[in-house]
Each structure stands twice: as structure tokens, then as C-alpha cells.
Amino acid sequence: MDYYQTLKRFLVSVFAIAIGVWMWAIAPAAIAYDNPDLLPKEPTPIIDLAKSLSEFQEEALAKDIEQFETETGFKLRVLTQYDRTPGRAVKGFWGLDDKSVLVVADSRGGNILNFSVGDDVYKLLPRTFWIELQTRYGNMYFVRDNGEDQSILQSLASIKTCLRQGGCNVVPGLPREQWIFTLITSIVGGVVFGLAAVPRKPGQVIAWQWALILSPLWGILFISFGIGPVVTRTSEWLPLVRNVAGFMIGALVAYLSPAIASASESSSR
């Protein structure tokens, strides 16, 4: 039952990605107002109006952001809001430029995260990266299970990791629900391969012709959806081994199923 619930969560995340482009289009609304009265008196990389972070977390994160900016030249800023926001006044307060990333956390929507990204950052982290980052750490399930603070902290950790290594096309790390989806597609791909390889002529061991004809289908399921997301997001070998094993088991079961069915019919007679 846990697997079905996890799969349900992943499908919700996939749907969120589908509407992510639309959500990105309305992201500027997060700083569409202008209320400089809410800006702090002292310089700080974090404005936590929604109190999403503890005092300790905010202090530690501020130091980390300042150190990161000194090391890389990229400017990370965090704004949390609920019913009040300084709006576009933060742009002048922080001097946001082409090497800046503004993380806006607002729990009033279905997804709490929005990003305002400078042009130089876009060259390293494309739009697809930000949509995946938003749907992974800002969705209602993640926030419910981990809290708004972890949504902010883990999204920032991914941004810093990718900027330090010169860019990313996908968000690093393989969440459990995403790995389960890749495992399922690997098994289904194996089943398709196994059914295609079932002998159709006397003396034939494997129907290679049918396996090749259906290779676009089982290849997409296994390679594109089963292997691709794993190798691009993590260097761990265990998820990859499990997916390959899932493909082989699915193929073997599907390949042997006609023989098993025939044996059962013979014994029943």
C-alpha cells in the first residue's frame, strides 16, 4: 500500500510539473507590490516575514549565503511571506542582478516556492531545473512531511551544489517516490521485452525480430524512464542495479508465462 501511495504522490508531482510553466509565469506576482516599510533596517540576505525559519536556522543560513557569495560571486537571497510582502522593493534593497537568485516562499498557494533568477544563472541552470526544483521541494507533500524550513534549505542546497560544479540540467538527488517510478517503468519495460521475445515458431528460442520491432517501446520505458533519471541524478549504484534487476525479472516472468500457462493446462487435464 505504501508503494501505491508513493506512486500517487509522484503522479501528483508530474502533474505539478505540467502546470509548472504556468506557475512560473505568475511568479513575478510574488514581488509585484512595493512596500519598502517592511524592509529590515540592517543588511541581511534573508527577510523571513512568514517566520518559516527558526532564529538559529536564519543565522546559520545567512552566514552560509554570505560565504557562498564570497566564494562564487553568486548572490542568493530568501524572502518568506504570507499576508505581507515588501514586493519589488527587495530588488533595490538587495541589488539583485544577473548573478542573483531570489527564493520566495509563500504558503498561500499549492506550491510554496517561486524563484527570480538572473540571466547569468540561467546559463548554468535552465528553466527545467527550476521547475523540477519547485515541484520537488515546494509541493504540499514535501512541505507537510518536512516543513517549510526544509523546503527552503534543501532547495538552496541544490542551487549551491549546482552552481559550485558549473551548472546542472536536473536537480541532484533521487527521491524515493521518483526511484519507485523508475523501478516500475523498468519492470514494465522488461515485461514488454519478455512478451515480445516469446517464441512464435517451432524450434525458436527467442523471437528477436519482435523484440527489435518493439524496442522503441521497451527501450523508452527501461532506458529513458528507468535508467536515465537515475544516472543523471545520483552516482549511487544500488538504484541502478535494482532497476536493471527489475527489468530482467519482468522480462523473465513475461517470457516464461506462456510455458507456465501451457504446463498448468496440461496438468489439469
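Student: What makes helix α3 and helix α8 a packed pair, and at what angle do they pack?

Tutor: Helix α3 (residues 55-72) and helix α8 (residues 148-164) pack at an angle of about 15°, and their axes are 12 Å apart. Axes are lines fitted to C-alpha atoms, for helices over the stretch in contact, and angles run from 0 to 180 degrees between N-to-C directions. Helices (H or I, at least four residues) and strands (E, at least two) are DSSP runs, numbered from the N terminus.

Student: Why is α3 called roughly parallel to α8?

Tutor: Angles under 35 degrees count as roughly parallel, over 145 as roughly antiparallel, 65 to 115 as roughly perpendicular and the rest as oblique. The angle here is about 15°, and therefore α3 is roughly parallel to α8.

Student: Which residues of α3 and α8 meet?

Tutor: From α3, Gln 57, Leu 61, Asp 64, Phe 68, Glu 71 and Thr 72 meet Asp 149, Gln 150, Leu 153, Leu 156, Lys 160, Leu 163 and Arg 164 of α8. Contact means heavy atoms within 4.5 Å. By class, this contact has 5 nonpolar residues (Ala, Val, Leu, Ile, Met, Phe, Trp, Tyr, Cys and Pro), 5 charged ones (Asp, Glu, Lys and Arg) and 3 polar ones (the others, Gly among them).

Student: On what basis is the model read, and how are residues numbered?

Tutor: This is a predicted model, in which local features need pLDDT of at least 70, side-chain atom pairs count only at pLDDT 80 or more, and totals for chains, interfaces and linings use all residues. Residues are numbered from 1 along each chain as its sequence is written, and side-chain values use heavy atoms, with hydrogens and water left out.

Student: Why is the link of Cys 162 to Cys 168 called a disulfide?

Tutor: A disulfide is a pair of cysteine sulfur atoms within 2.5 Å. The S to S distance of Cys 162 and Cys 168 is 2.2 Å, so the pair meets the definition. A search of the whole structure finds 1 disulfide. With -100° about the S-S bond, this link is left-handed.

Student: What makes Cys 162 and Cys 168 buried or exposed?

Tutor: Buried means under 20% relative accessible area, exposed over 50%, partly exposed in between (1.4 Å probe, protein chains only). Cys 162 has 0% and is therefore buried; Cys 168, at 8%, also counts as buried.

Student: Why is Asn 243 called buried?

Tutor: Its relative accessible area is 0%, so Asn 243 is buried. Asn 243 is in helix α12 (residues 238-268).
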